[in-house]
Amino acid sequence: MPGGPRHSSRPRAAERRPAQPRQAQPSGSVDEGEIAEAIRPVVTDAGMDLESVRVTAAGRRRLLRVVVDSDHGVSLDDAAAISRQLSAALDEATVMGEFPYTLEVSSPGVDRPLTDPRHWRRAVGRLVKVAVTDTGATSGRIVSADPEGVTLDVGGARRHFPYAVLGAGAIQVEFGHPQTELGATGDGH
């Protein structure tokens, strides 16, 4: 109506209600950080590192994806064993709430960015591309990784880079084997 008051979805200052106290999470919500803290001791006791925890809705269930890694890799038997241990630990804890869930345990894929010293150490021998502060992208084969940085073979020259100047490394997928793995004859025999 012309000249009448305007209606707004936002209440005026005098109409605003006082802030409500923060309510506890509903029984259906979960906190990935709490889950990680609950399962980290189990993963550590198994000699592995907890890389990530993700919870997604899957219909009336939740899908709990746990990614673990270790210096010797994660075999199918390792994944099955840690899965049983995590399942038992989660059955005792209340971090998953009241909804049923499916547990999926895996190891990181080749597309995982190399961000921690342990990632670089576990990728020794692999070809990698990485952004280096002040010089841009560099590609090379990881020769070694120590607590201070990474040594790459870049075009036949070994160069050491401190972690502070490296971005996230990306492993380059190679078909075939590097020469050092082929043996003396170069044909794998």
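Here are some notes on this predicted model, point by point.

1. **Ground rules.** Residues are numbered from 1 along each chain as its sequence is written, and side-chain values use heavy atoms, with hydrogens and water left out. Because this is a predicted model, local features need pLDDT of at least 70 and side-chain atom pairs count only at pLDDT 80 or more, while totals for chains, interfaces and linings use all residues.

2. Take helix 1 (residues 32-45) and helix 2 (residues 76-92): their axes come within 10 Å and cross at roughly 135°. Helices here are DSSP runs of H or I with at least four residues, strands are E runs of at least two, and both are numbered from the N terminus. The axes are lines fitted to C-alpha atoms over the stretch in contact, with angles from 0 to 180 degrees between N-to-C directions. That makes the pair oblique (under 35 degrees is roughly parallel, over 145 roughly antiparallel, 65 to 115 roughly perpendicular, and the rest oblique).

3. **Who touches whom?** Which residues of helix 1 and helix 2 make the contact? Helix 1 brings Ile 35, Ile 39, Val 42 and Val 43, and helix 2 brings Ile 82, Gln 85, Leu 86, Ala 89 and Leu 90. Contact means heavy atoms within 4.5 Å.

4. **The largest core.** The largest nonpolar core has 20 residues, and Ile 35 and Leu 64 have the most contacts inside it. Such a core is a set of buried Ala, Val, Leu, Ile, Met, Phe, Trp, Tyr and Cys residues joined through side-chain atoms within 4.5 Å. Buried means under 20% relative accessible area, exposed means over 50%, and partly exposed is in between (1.4 Å probe, protein chains only). Helix 1 gives the most to this core, with 5 residues. Setting aside residues up to four places away in sequence, Ile 35 touches Val 30, Val 53, Val 55, Leu 64, Leu 90, Val 95 and Met 96.

5. Buried or exposed: which is His 119? His 119, in helix 3 (residues 117-122), has 3% relative accessibility, so this residue counts as buried. Beyond its neighbours within four places in sequence, His 119 is in contact with Glu 51, Arg 112, Pro 113 and Leu 114. Asp 134 sits in the loop between strand 4 (127-132) and strand 5 (136-145), and is exposed at 80% relative accessible area. Asp 134 also has a positive phi of about 70°, although it is not a glycine.
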